[in-house]
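Hi,

Here is the structure I said I would pass on. Have a look at it first, and then read on for what turned up.

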Amino acid sequence: MIRLFEQHHIRQVQELDGMWEFRMEGFEGEYQLPVPGCWEQHPDFLAHRGRGEYRKKIYVKNAGNLRLEFKGVSHTADVSFDGKAIVSHYNAFTPFSAVIADVEKGEHELRVAVDNTFGEHSALHIPNDYYTYGGITRPAAVEYIPDTYIKNIRFTPQLTCGRWSAETEVFVCNVSGREMEISVEVKLAGCCMKETVTVGGGCEERLVFAMEFDEVQAWSNARPALYFLQAVLSVNGEPTDDLIERVGFRTVTLDGSKIMVNGEAVYLKGFNRHEDYASVGCAIPLQLMAQDMDMMQEVGANALRTCHYPNDERFLDLCDERGILVWEENHARGLGLESMQNPNFDRQCEDCIREMIENHYNHPSIIIWGILNECASETEEGREKYARQYAQIKSMDASRPTTSATCRHFTDISLDLPDIVSFNMYSGWYQDCSVEERNRQETDWIKAAGGAGKPIIVSELGAGAIYGYRDRSRCKWSEERQADIIRENLEVYMNDDDITGVFIWQFADCRVTEEGQWFASRARCHNNKGVVDEYRRPKIAYDTVKEIFTTTRV
């Protein structure tokens with residue numbers, strides 16, 4: 001399943017889920033592995049980092065053009081079709097696609113070479129406090145497209161004097177070598193518009209539709225109203241292609257220190273969540289995504305931070321449906337200046353941001369774009385990179401505020417750059433200090449260092465605990481101590497008028513890499529700060545969070 005709703009009524013789509021032939025470099029013999037899936041699920045590759053190749057036969061019923069779409073391959077993919085290189089892509093967490101023109105009827109072979117190794121070639125996937133799995137980890141599909149097809153839709157709503165309007169941009173591609181005249185019709189919430197345009201051979205055109213609406217419901221956390229936006233492409237009056245998006249009427253603005261959704265202040269009560277589950281790695285099926293969502297909502301969460309990378313779009317669809325407010329961020333975590341000076345860093349970050357926004361722009365649940373968690377924001381060189389990435393986001397989407405989570409306490413020189421200032425603080429766990437006193441020092445410094453008048457979010461707080469380890473002395477790593485620390489932190493932050501949101505680190509325990517520093521500092525090779533473990537078994541802290549989230553700042 002690619003999305004949680006049907007995106008095409010005209011275009012034919014064949015999903016590529018199933019068993020693929022597989023060969024791992026350095027291993028004898030052939031394997032069969034599931035797609036989507038992580039190769040770590042197989043007994044021979046439980047902790048293997050390397051290169052492998054997936055192969056699958058595809059039967060094309062009618063000659064024409066194909067569009068291959070991969071929602072996620074970890075972390076580098078080289079795709080070939082009938083032995084010919086088609087596309088290469090880096091980053092496990094963003095989708096990519098490629099068009100193959102004039103494919104003949106009959107059987108063809110698709111190959112995907114996958115690499116999850118670390119090195120200079122990979123500036124963002126490094127030994128880290130979460131695991132870089134290997135494989136085709138998210139869904140994939142092949143689409144049958146005409147010579148001129150709809151590539152993408154961007155929907156931007158506006159609310160003026162209580163009345164909703166929207167700009168809908170439809171991007172059309174012509175893969176043939178000849179000029180074509182086409183028409184595009186857009187339908188949304190009872191409104192219909194049509195435009196005719198000529199698209200040159202091998203060119204792309206952008207069509208813009210300005211629409212006003214008499215009666216639509218706003219999308220909000222309390223009432224997540226969604227609408228289907230359909231664009232139909234016709235040639236000589238005959239519909240030949242379509243694309244359907246699901247959208248919501250929602251605005252995000254800032255009013256001093258407040259975050260406003262549709263003009264009303266919201267307080268974010270949420271979790272940081274890694275895409276990681278004990279038995280399936282990062283290739284999480286819909287059933288387990290829904291379980292995570294159900295559990296987070298049970299404890300009263302209304303927000304989610306996609307630490308530290310763009311999430312599977314099916315999970316974002318769930319957020320749209322449930323009214324969860326999402327902070328989605330690009331993929332770069334804990335990088336010092338030396339790592340940020342990797343010759344591939346700027347390009348790989350730019351690609352990740354572009355693919356994240358292009359593909360996830362229409363999700364009403366996403367209210368914040370984030371970048372560069374805990375990177376070198378205390379240096380002049382780092383500041384330049386922060387500024388460059390914020391500028392890229394604003395050039396692509398001016399409708400959402402930006403932020404980044406800092407841990408460079410009292411040294412960060414980049415707090416004037418984002419729209420929202422966010423900080424990670426583990427008082428009571430890494431720092432044995434008064435939560436209230438440390439918080440006041442931090443917020444006073446933020447105001448003096450460029451954050452005055454901006455919303456402030458506590459982007460990480462928490463403590464570690466091993467599931468099932470109970471101790472009446474409430475020692476560190478016990479479930480009791482974790483619950484105590486989280487309670488103390490939440491009671492301070494959620495009663496501070498300077499704070500407009502809290503995100504607990506983290507929802508569920510996750511696997512970490514054994515390379516680098518993390519092997520020695522994380523018991524069980526896991527980050528154990530989840531309020532549930534990697535199997536989603538609740539710790540004491542789960543009920544502590546539920547008590548506080550459901551009774552404080554409702």
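Contact here means heavy atoms within 4.5 Å. Keep in mind throughout that this is a predicted model.

With that in hand, start with helix H4 (residues 345–360) and helix H5 (residues 380–396). From H4, the residues Phe345, Asp346, Cys349, Glu350, Ile353, Arg354, Ile357 and Glu358 meet a set in H5 made up of Lys385, Arg388, Gln389, Gln392, Ile393 and Met396. As for the geometry, the two axes are 10 Å apart and the helices pack at an angle of about 25 degrees. Angles under 35 degrees count as roughly parallel, so H4 is roughly parallel to H5. The crossing of H4 and H5 is right-handed.

The other helix pair I'd point you to is H1 (residues 286–298) with H2 (residues 313–322). Their axes come within 10 Å and cross at roughly 40 degrees, which makes H1 oblique to H2. Here, too, the crossing is right-handed. On the H1 side you'll find Leu286, Met289, Ala290, Met293, Asp294, Met296 and Gln297, and these meet Arg314, Phe315, Leu318, Cys319 and Arg322 in H2. That contact divides into 8 nonpolar residues, 1 polar and 3 charged.

You'll find Ser404 in the loop between strand E25 (402–403) and strand E26 (405–406). Is Ser404 buried or exposed? The relative accessibility of Ser404 is 10%, so Ser404 counts as buried, the cut-off for that being under 20%. Setting aside its neighbours within four places in sequence, Ser404 is in contact with Ile371, Leu372, Tyr386, Tyr390, Ile420 and Ser422. With one of these, Tyr390, there is also a polar contact, side chain to side chain, at 2.9 Å.

Then there are some backbone details to look at. Two cis peptide bonds came up. One joins Val35 and Pro36, with omega at about 0 degrees; Pro36 sits in the loop between strand E3 (31–35) and strand E4 (51–60). Another joins Trp505 and Gln506, where omega is about -5 degrees. Gln506 belongs to the loop between strand E29 (499–504) and strand E30 (510–511).

Which way does phi go at Asn262? Asn262 has a positive phi, about 55 degrees, although it is not a glycine. Its place is the loop between strand E19 (258–261) and strand E20 (264–266), and with a relative accessibility of 17% Asn262 counts as buried.

Arg536 is likewise a residue other than glycine with a positive phi, in this case near 70 degrees. Look for Arg536 in the loop between strand E31 (526–527) and helix H9 (540–549). Arg536 is buried as well, its relative accessible area being 4%.

That's the lot from my side. Over to you!

Cheers

How values were computed
Residues are numbered from 1 along each chain as its sequence is written. This is a predicted model: local features need pLDDT of at least 70, side-chain atom pairs count only at pLDDT 80 or more; totals for chains, interfaces and linings use all residues. Side-chain values use heavy atoms; hydrogens and water are left out. Axes are lines fitted to C-alpha atoms, for helices over the stretch in contact, and angles run from 0 to 180 degrees between N-to-C directions. Helices (H or I, at least four residues) and strands (E, at least two) are DSSP runs, numbered from the N terminus. Angles under 35 degrees count as roughly parallel, over 145 as roughly antiparallel, 65 to 115 as roughly perpendicular and the rest as oblique. A crossing is left-handed if the near helix is turned anticlockwise from the far one by less than a right angle, and right-handed if clockwise. Ala, Val, Leu, Ile, Met, Phe, Trp, Tyr, Cys and Pro count as nonpolar, Asp, Glu, Lys and Arg as charged, and the others, Gly among them, as polar. Buried means under 20% relative accessible area, exposed over 50%, partly exposed in between (1.4 Å probe, protein chains only). A polar contact is a pair of N or O atoms within 3.5 Å; within protein, one must be able to donate a hydrogen and the other to accept it, and residues adjacent in sequence count only if both atoms are side-chain atoms.
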